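Open the model in your viewer and keep the sequence panel beside it. Each stop below names what to select and then says what is there.

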Amino acid sequence: MLRNESLEELTDGGKYTADSVVKVDPDGCRGCHLCCEVVEDTIILDPYDICALARGLGKSFQELMQREIALGVCDGIILPHLNLVEKENASGRHCVFLGQEGEMQGRCLIHSFRPGFCRLFPMGRLYEEEGFSYVLLKNECPYQDKKECSVRAWLGIEELEQYEAYVLEWHSFIARIREQLPQENEEDRQKISLFLLQSFYLTPYREGFYEDFGERLKKVKGVLFA
Ligand code: SF4
Ligand code: SF4
C-alpha cells in the first residue's frame, strides 16, 4: 500500500539490511495484541503469503476465501488481504487469526506461517532504485523498551536472500502493472486483476515456491508486457 507521510515522519531515519541489529523486539509483546486489532484491511497478501497460508492450513485459495481472507482493491489492483472479524462484547474488529480462547487468547494462531507484513512489523520496507532497505516505523508499536535483534532473526524466514529477491521482483512487477493500468477502462482493469489472481494466487504452487513463481512471472510478463 502506498503511503503519503514522509520518511522522517514514519521512521527512525535509519536504513537497515538483513544483518543490521535494530531495537525492534517488544519482548514477546507481553500480552499486547494491538497491531492485530487495528489492522483495517491493510494486511495485503502476496503470493508467498497465500502459499504459506494454504499449506499451513491445508486449504485452497477458494477455501481461504470463505473466512480467512477477502479481496479488496489496493491502489487500483484487486489483491487478497487478511480478513477481520467483529470483536465479541466490544466494538471494533480484529484479525481472524487472533486467538480468542484458552492459552492462545490474544496470540497469533498462525505464528509460524504468518504473512510477511506481520513478520516485519514494526518494520517496513523502503523501495529504492537498486532494491530495498528495511526501516523501523517509530509510531506503530507503543512498547517502549524494545530489545535489539538482527533483522534476519526478527523475520525468521528461511533462505532470506531468495525471499528478498522474490519480494523485490513482486514489488517491481506490481509497480509496473500499476503504472500501465488502463486508467479510463474499468473493464480492462478488472480483466488484468483477475488474470493476476488466477496466475499468482488461485493455482497452488509446486513444492519449490520460488522456481514456480519465477516461471509464472515470466509467462505473465510475456502476456502483459509483450
Ligand atoms: S503493538 Fe507492538 S507490543 Fe503490541 S502486539 Fe504489536 S508488536 Fe507487540
Ligand atoms: S496473522 Fe497473526 S500476527 Fe498477523 S495480524 Fe493476524 S493475528 Fe496478528
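**Stop 1: a buried glutamate**

Select Glu68, which counts as buried at 5% relative accessibility. Buried means under 20% relative accessible area, exposed means over 50%, and partly exposed is in between, with a 1.4 Å probe and protein chains only. What you see is a predicted model, in which local features need pLDDT of at least 70 and side-chain atom pairs count only at pLDDT 80 or more, while totals for chains, interfaces and linings use all residues. Residues are numbered from 1 along each chain as its sequence is written, chains are lettered from A and ligands numbered from 1 in the order in which they are written, and side-chain values use heavy atoms, with hydrogens and water left out.

Glu68 sits in the loop between helix 3 (61-64) and strand 2 (69-74). Helices (H or I, at least four residues) and strands (E, at least two) are DSSP runs, numbered from the N terminus.

**Stop 2**

Select residues 47-57, which form helix 2. Which residues of helix 2 are buried? They are Pro47, Asp49, Ile50, Cys51 and Leu53. At the start of the helix, look for a side-chain oxygen of Asp46 within 3.0 Å of the backbone nitrogen of Tyr48. Just after helix 2 comes Gly58, with a positive phi of about 65°.

Next, show the second largest pocket, whose volume is about 440 Å³. On a 1 Å grid over the protein atoms alone, a pocket is an open set of points where a 1.4 Å probe fits, with protein on both sides within 12 Å along at least five of seven lines; lining residues have an atom within 4 Å of a point. Grid points are joined across faces, edges and corners, and the volume is the space filled by probe spheres set on the points.

The second largest pocket has 21 lining residues, and Tyr48, Ala52, Arg55, Ile157 and Tyr210 lie nearest its centre. Which helix gives the most to this lining? Helix 2 does, with six residues. By class, the lining has nine nonpolar, five polar and seven charged residues. Here Ala, Val, Leu, Ile, Met, Phe, Trp, Tyr, Cys and Pro count as nonpolar, Asp, Glu, Lys and Arg as charged, and the others, Gly among them, as polar.

**Stop 3: the ligands**

Select ligand 1, then the residues near it, meaning those with a heavy atom within 4 Å. They are Pro26, Cys29, Cys32, His33, Leu34, Cys35, Phe121, Cys141, Pro142 and Tyr143. Nine of this shell are nonpolar, one is polar and none is charged.

Move to ligand 2. The residues around it include Cys36, Cys95, Cys108 and Cys118. This shell has ten nonpolar residues, with no polar and no charged ones. Cys95 is buried, at a relative accessible area of 9%.

**Stop 4: a cysteine on its own**

How many disulfides does a search of the whole structure find? The count is zero, where a disulfide is a pair of cysteine sulfur atoms within 2.5 Å. Cys74 is buried, at 4% relative accessibility.

**Stop 5: the backbone**

Select Phe121 and Pro122: the peptide bond between them is cis, with omega near 5°. Pro122 is in the loop between helix 4 and strand 6 (123-128).

Go to Arg30, which has a positive phi of about 45° although it is not a glycine. Arg30 is exposed, with a relative accessible area of 59%. Asn89, also not a glycine, has a positive phi of about 60°. Asn89 is exposed at 82% relative accessibility.

**Stop 6: a serine in helix 6**

Finish at Ser172, in helix 6 (residues 160-180). Is Ser172 buried or partly exposed? At 38% relative accessibility, Ser172 counts as partly exposed. A polar atom of its side chain lies 2.7 Å from the backbone oxygen of Leu168.

Methods:
Polar contact = N/O pair within 3.5 Å; in protein donor to acceptor, adjacent residues only side chain to side chain.
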